[in-house]
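My notes follow in the order I made them.

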Amino acid sequence: MALRTRSTLTLLLLALPVCALYVWSQTPWIMSRPRKRLIGALRAAMMVCIILTLAGTELWTVVGAQSVGFVVDASDSTRPLATELVEWVTSSLKERRPDDEAAVIVFGRRAAVDVPSSLTPSWRRTESLVDSHRTNIEAALRLASAILPQGKRRRVVLLSDGRQNTGDAMAAAKALRESGIRVDVVPVEPARGKDVLVSSLEAPAKVNEGEQFDLALRLDSNYAGTAMLRVFREGSLVHEAEVSFAEGESLFLVRANSGSPGLRSFRVLIESPQDSAGSNNEATCLVSVSGRPRALVIAADSASGKNLSAVLQAAGVDVTVAGPEMAPCSAEGWARYSFAVIAEVPAERFDDKSMESLEVAVRDLGRGLIMVGGEDSFGP
């Protein structure tokens, strides 16, 4: 790479002494033949400088010293090669020229400067803390371009397996190239052994207290085998079983109990004796557990209300039985219950405000409504 200087400044600076000599030559002395030739030469030189300046001529100056940023992948996928990467960079630092500067940037989810740009860089191990569960090459390239000093040939050397899962590395590399920074890539590929990982864990966003639900667990493996599957709720083991998985993707449904109300954390852990990487063998999800559902049963007589109450209580629902005259007259009153059951009650026994507020609670607040018909309600 060569650094270039616009002639608008440089050529004008060159023209200044030429103009000074020309003025000196016009002093009223005796005009000898050599002096006339000098005046002609100065005039010609001055015109050439002016023409070159107006034409936008550029002067190019070659710069030999360079500034290099070593960008090192510190994510989980390159962890087996961490020692080799350090040795490679250390060896390159020893081979640089005395006037060359160098810096070391490490990255995972984010990028950090491990060694600032210096004429005497030294690097033995990764010092910065980065989230190794992600690979953001774009952030690392942009950080390298920001810390490399101007005035030297700037160059970035990227050591990575290229498995980015955050950012756009190609866009960042293009931006560096357009700004005059050379980007070289040293591809690395760690030897992969047998690996089974938890690719996803899904659960319902909301469940009720004491409710049974399924945790959907997906495994991704490059071999077929068996593993011990454990499920923890708030750190306590609630399920343990040996499972068999196939090469590729496998899906398992694990029955779990919601437990007490609140925001509950569920964690799954898969352990296989043949697995060579244990850092990707678990996943966590959060489930919002509501209290036991509450139902308001509006019954015309105590017999029908008692029968419905027994059925709902057997299903784990807290039940309140009331007559139509005791029905709430506001949406807030209906909202205290998960749903309402109208058991064979004719409309004329309800207050108008009670019916209007029930409509608001169902339509706008999402409360449930069950209608049980009979001769006194649906009959007419």
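**Cysteines**

I began with Cys-285, which is buried at a relative accessible area of 9%. The cut-off for buried is under 20%, so Cys-285 qualifies. I then checked Cys-329, which is partly exposed, with 47% relative accessibility. I keep in mind that this is a predicted model. How many disulfides does a search of the whole structure find? I got zero.

**Nonpolar cores**

Next I looked up the largest nonpolar core, which has 24 residues. I noted that Leu-215, Leu-217, Leu-219 and Val-268 touch the most other members. Which strands supply at least two residues each? I listed E8 (196–202), E10 (212–221), E11 (225–233), E12 (236–245), E13 (248–257), E14 (262–271) and E15 (282–290).

**A five-strand sheet**

I traced an open sheet of five strands, ordered E5-E4-E3-E6-E7, with mixed pairing. Which strands stand at the edges? I found E5 (111–118) and E7 (182–187) there. Each has a single partner strand, so one side of each lacks a neighbour in the sheet. I noted that neighbouring strands are turned by 15 degrees against each other on average, direction ignored.

Last, I checked how E4 (residues 101–107) meets E5: the two pair in the antiparallel sense over five bridges. I looked up Ala-102 and found Ser-118 in E5 as its bridge partner.

Definitions and conventions
Residues are numbered from 1 along each chain as its sequence is written. This is a predicted model: local features need pLDDT of at least 70, side-chain atom pairs count only at pLDDT 80 or more; totals for chains, interfaces and linings use all residues. Side-chain values use heavy atoms; hydrogens and water are left out. A nonpolar core is a set of buried Ala, Val, Leu, Ile, Met, Phe, Trp, Tyr and Cys residues joined through side-chain atoms within 4.5 Å. Buried means under 20% relative accessible area, exposed over 50%, partly exposed in between (1.4 Å probe, protein chains only). Helices (H or I, at least four residues) and strands (E, at least two) are DSSP runs, numbered from the N terminus. Two strands pair if DSSP finds at least two bridges between them. Axes are lines fitted to C-alpha atoms, for helices over the stretch in contact, and angles run from 0 to 180 degrees between N-to-C directions. A disulfide is a pair of cysteine sulfur atoms within 2.5 Å.
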